[in-house]
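Here is a short briefing on one protein chain. Look at the structure first, then read the points below.

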Amino acid sequence: FSGKRMDSESHMRTATTHEIAPGRDPRMELSFILCEKANSMSGEAQRKESRKRPRKMYKRRWTQAENELLVRLVDQHGPGRWKELAQYFPGRGGCHLRAHWSHHFAIADSKRPFTPEEDVELLTLYQQFGSQWSRIASLMERRVDSDLKNRYRLLMRRSRADNADRAELNS
């Protein structure tokens, strides 16, 4: 800071590059420009906004035609290229395809009834790993993590109901 005081004429010449009408306060002109600039988006923000694609994804049921198309495309291209396959499914992203494939098609026999041995194994693994369902699913043969979580919750509900019945009989 040079310590020099600027008069309004020198401020007009240095602060703005356009002509200012006589009698107007240059600070008012500059503040108007700054205010306009603050209200408009920067070039970077405009570029980011233009790159965004409109994504309206609503939760809806999978149709039979979509299921058949998914199976056919995975047979052709293999599992794992979900982002590329998503272009054939308007309104669905790659994560939706992967989840639907892994929960409904990849392990078709995962929907079979649980055996008492599997229930014991599930409870043992839960004690060991907690709610790490993916890890438990990798250790149990041909079971999906969401099915294991649902089964565990069912077993806990039944256990609480049995305990409540016993407590009622004892009282």
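**Around Tyr 152**

Leaving aside neighbours within four places in sequence, Tyr 152 touches Leu 122, Leu 123, Tyr 126 and Trp 133. Contact means heavy atoms within 4.5 Å. This is a predicted model: local features need pLDDT of at least 70, side-chain atom pairs count only at pLDDT 80 or more, and totals for chains, interfaces and linings use all residues. Residues are numbered from 1 along each chain as its sequence is written, and side-chain values use heavy atoms, without hydrogens and water.

**Nonpolar cores**

- The largest nonpolar core has 11 residues, including Phe 114, Leu 122, Trp 133 and Tyr 152.
- Two or more of its residues come from each of α7 (116-129), α8 (133-139) and α9 (145-170).
- A second, separate core of 9 residues includes Trp 82, Ala 86, Phe 89 and Trp 101.
- A nonpolar core is a set of buried Ala, Val, Leu, Ile, Met, Phe, Trp, Tyr and Cys residues joined through side-chain atoms within 4.5 Å; buried means under 20% relative accessible area (1.4 Å probe, protein chains only).

**Helices α4 and α6**

- The axes of α4 (residues 64-77) and α6 (residues 94-104) come within 11 Å and cross at roughly 90°.
- That makes α4 roughly perpendicular to α6 (65 to 115 degrees).
- Asn 67, Leu 70, Val 71 and Val 74 in α4 meet Leu 97, His 100 and Trp 101 in α6.

**Confidence**

- The chain averages a pLDDT of 76 (the predictor's confidence in each residue, from 0 to 100).

Terms used. Buried means under 20% relative accessible area, exposed over 50%, partly exposed in between (1.4 Å probe, protein chains only). Helices (H or I, at least four residues) and strands (E, at least two) are DSSP runs, numbered from the N terminus. Axes are lines fitted to C-alpha atoms, for helices over the stretch in contact, and angles run from 0 to 180 degrees between N-to-C directions. Angles under 35 degrees count as roughly parallel, over 145 as roughly antiparallel, 65 to 115 as roughly perpendicular and the rest as oblique.
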